[in-house]
Amino acid sequence: MATSPCSSSGVSSSSSSGLGADAGLEIRTRSVEQTLVPLVSQITTLINHKDKPKRSDKTLQAIQRVGQAVNLAVGRFVTVGEAIANENHELKEEMSVACIEARRAGETIAQLTDVASLDHPESDSHITIFTDKTGVVKAARLLLSSVTKVLVLADRIVIKQIITSRNKVLATMEQLEKVSSFQEFVQIFSQFGNEMVEFAHLTGDRQNDLKDEKKKARMAASRAVLEKCTMMLLTASKTCLRHPDCESARINKDGVFHRMRLALEQVIEIVTDSRPNGENEMAPISIYSGIKEFKNKVEGLRENLYFLSKENLSTMLEVILEHTEDFTDSAYTSHEHREHIVELSKQAKMELEQLVSVWMQAQNQKTKDLMEDLEVAILKTCQCMNELKREVHSAATSLAADLLKYHTDHMVLKALKITGVEGNLEAVAEYTCKLSEQKEQLVEMCRLLRHVSGTEPLEITCIHAEDTFQVTGPQIISAAETLALHPSSKIAKENLEVFCEAWESQLSDMSMLLREINDVFEGRRGEKRVYLSLPRPGKHNANLKALKPVKLDTEEQAKIAKLGLELHLLTSSVDSETEKWEDQENDIVQHGQGMSSMAYSMYLFTRGEGLLKTTQDLFHQAEIFATEGTKLASALHAFSHQVHDDDKPLLLLEAEKLISMCKQLQITAKAPVQGKSATFTKVDGCILKTRNVMTQLGQLLPLCCKLLRKARGNGCLKPAPPWREDRIRTGTNTHGAERRAETFGIKTLENHVTNMTFLESK
């Protein structure tokens, strides 16, 4: 698929007039959005004070300082934008227009806020923010629109980088498919390894930067496929080169190449926000999401009896009940679960009929008795749907638990390896049939789990797991057949091992996925995101020798359990503190939440759970955690400019303590170690220092909240922190980690533009 990097820019080619928001403007990444937040904060300060009757000298000076700060920052920002335009000729025209508009808007804001030296700022003889009240709104809207265009245009360069990197990988893959000698293969694969490393870093940064959680989950799934397939491609290709006339070896290799191409294509679809042939993505509806939407509609009848038709509601229920047939028709659903689901489906139809009857009467005659009957019908309908949801959840998760427990011994895989080495084709055929049966069970398990997964990212993870079992099963079979035909072949044996390991790894991931699904259903940290910075160092090493991951054994986990528990309690404490803040978009809150998520993933590691699988994962996570703590300290320094002078020393002292602790953690996490004992000591040190940082964070958050309320209580106006125009990144910037935004829940620019339109209309 030929894809243009411009297709996902979200910016129309027409320039903004300043009289309305650009309809084509859409922000898809956190880094662009985060860059705009301080600018929006400063502009909001100006907008909110243009109509206030009391204008003290202090207020006028503050307004002028904010206006000047915006203009200076825009000037520096535009200089960077113009440099990017000169380096990227295909974007030069659009970028130049946006830069000119941004500079003009910044200068207008500076002129309108030049009020501190005037005796009568509201005098008509000098146009200011007070005399031209709509002018500052128009200038602000033009500034936001043009600055966003510059940022999104710069973002196109990142998209172009990813597409170029993908094209290089595809070209090298084509060469790998055609090679006929080992020497040529090794040379080309070395180049392929380097290109995959570059692609992994670019897409890892993009994944962390995406705002859409669904796209982020799809990206993670595609990158996981590419990661696992890289080693499969190596062994499958070597097997094919060693046994060029073997049909099963060729089928095995072709399957790997095909899967990698599909994964590469999906990454580009996500990055460019496009689909092949312009088709729309149709995501299958799960029972969980269907019930949630149905209940929302039913409960909406309390507020409005006329907002939907009874046919609409009946259709929604029919769709849900059709999906329950996936459970009732499944050979793996227990007889007891099947009966309960059928009974609850019948009850749901009856409850809806009763609801519709009362609802129709209430539309004609809105009496107190009828409204009470309607409330009862709504409650009974929703209760029935809750019971149905609970029943299908129980059916899916109990099946998954049983299957995962049954297949933990990997007996079929072990038998295939043994019979393959023996060259026993008949026995291999027998066990491949058993593996096919196992595959069908696991695929059915994934389909049922998807219905009850609870969130879109988990739904996508279930779909990815289903695809993995569907594809890996036949690949194991072709690898086993090749080994059986060439029982003395070391490379054929190694190839089978690689595919079996992928199967075992997916089964292990399913156990973790099952726990996450249960957590969401039971409300245990369902919305808590475990932060994991990808890609991990050394994961795609081009020397073809994978480092053996180091895990904690049971004894080591027991030793570190107390520290882990303390860390868990601290994350709960920090979460409670962040929830007390009125402004959930505050930088301090955002960084605090990010650190809590990372600390929680480290706690899960002490239990042998979560996404951090090895000690290397933990050390890398500790480094990212320390970096986030340093960013929080910077936010505290910026916040200190808004608090009273008496409170500033205490706040800065606590911020310095935090910086010192984070530096100590960075040193510990980066220190090289060898041997099991030294590695455990380093793990213990990282967890201990993370606990110390979290303790400090638990003290800082309430202090900041208190100081913020104190400053607001006195009503003092201070200029917002300076807008960091240096966040813009050029195409040559390689510091991907700096480009990531680890913050959650920032309001979109469109909301701010809408607010400004409203202000102007007043």
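Buried means under 20% relative accessible area, exposed over 50% and partly exposed in between, with a 1.4 Å probe and protein chains only. The model is predicted, so local features need pLDDT of at least 70 and side-chain atom pairs pLDDT 80 or more, while totals for chains, interfaces and linings use all residues. Residues are numbered from 1 along each chain as its sequence is written, and side-chain values use heavy atoms, with hydrogens and water left out.

Q: Is His410 buried or exposed, and what is its relative accessible area?
A: His410 lies in the loop between α11 (368–406) and α12 (411–422). Its phi is positive, about 55 degrees, although His410 is not a glycine. His410 is buried, because its relative accessible area is 19%.

Q: How many helices and strands are in the chain?
A: Helices (H or I, at least four residues) and strands (E, at least two) are DSSP runs, numbered from the N terminus. On that basis the chain has 22 helices and 0 strands.

Q: What share of the contacts with a separation of 6 or more joins residues 24 or more positions apart?
A: Contact means heavy atoms within 4.5 Å. Of the 762 residues, 51% count as buried. For contacts with a separation of 6 or more, the share from residues 24 or more positions apart is 80%.

Q: Are α5 and α6 roughly parallel or roughly antiparallel?
A: Axes are lines fitted to C-alpha atoms, for helices over the stretch in contact, and angles run from 0 to 180 degrees between N-to-C directions. Angles under 35 degrees count as roughly parallel, over 145 as roughly antiparallel, 65 to 115 as roughly perpendicular and the rest as oblique. Helix α5 (residues 182–209) packs on α6 (residues 213–242) at about 175 degrees, the axes being 10 Å apart. The two helices, α5 and α6, are therefore roughly antiparallel.

Q: What is the handedness of the crossing of α17 and α18?
A: The axes of α17 (residues 587–606) and α18 (residues 615–640) come within 9 Å and cross at roughly 160 degrees. This makes α17 and α18 roughly antiparallel. A crossing is left-handed if the near helix is turned anticlockwise from the far one by less than a right angle, and right-handed if clockwise. The crossing of α17 and α18 is left-handed.

Q: Which residues of α19 are buried?
A: Helix α19 (residues 648–670) has 23 residues. The buried residues in α19 are Leu651, Glu654, Ala655, Leu658, Ile659, Cys662, Leu665, Gln666, Thr668 and Ala669.

Terms used:
The expected span of a helix is 1.5 Å times one less than its number of residues.
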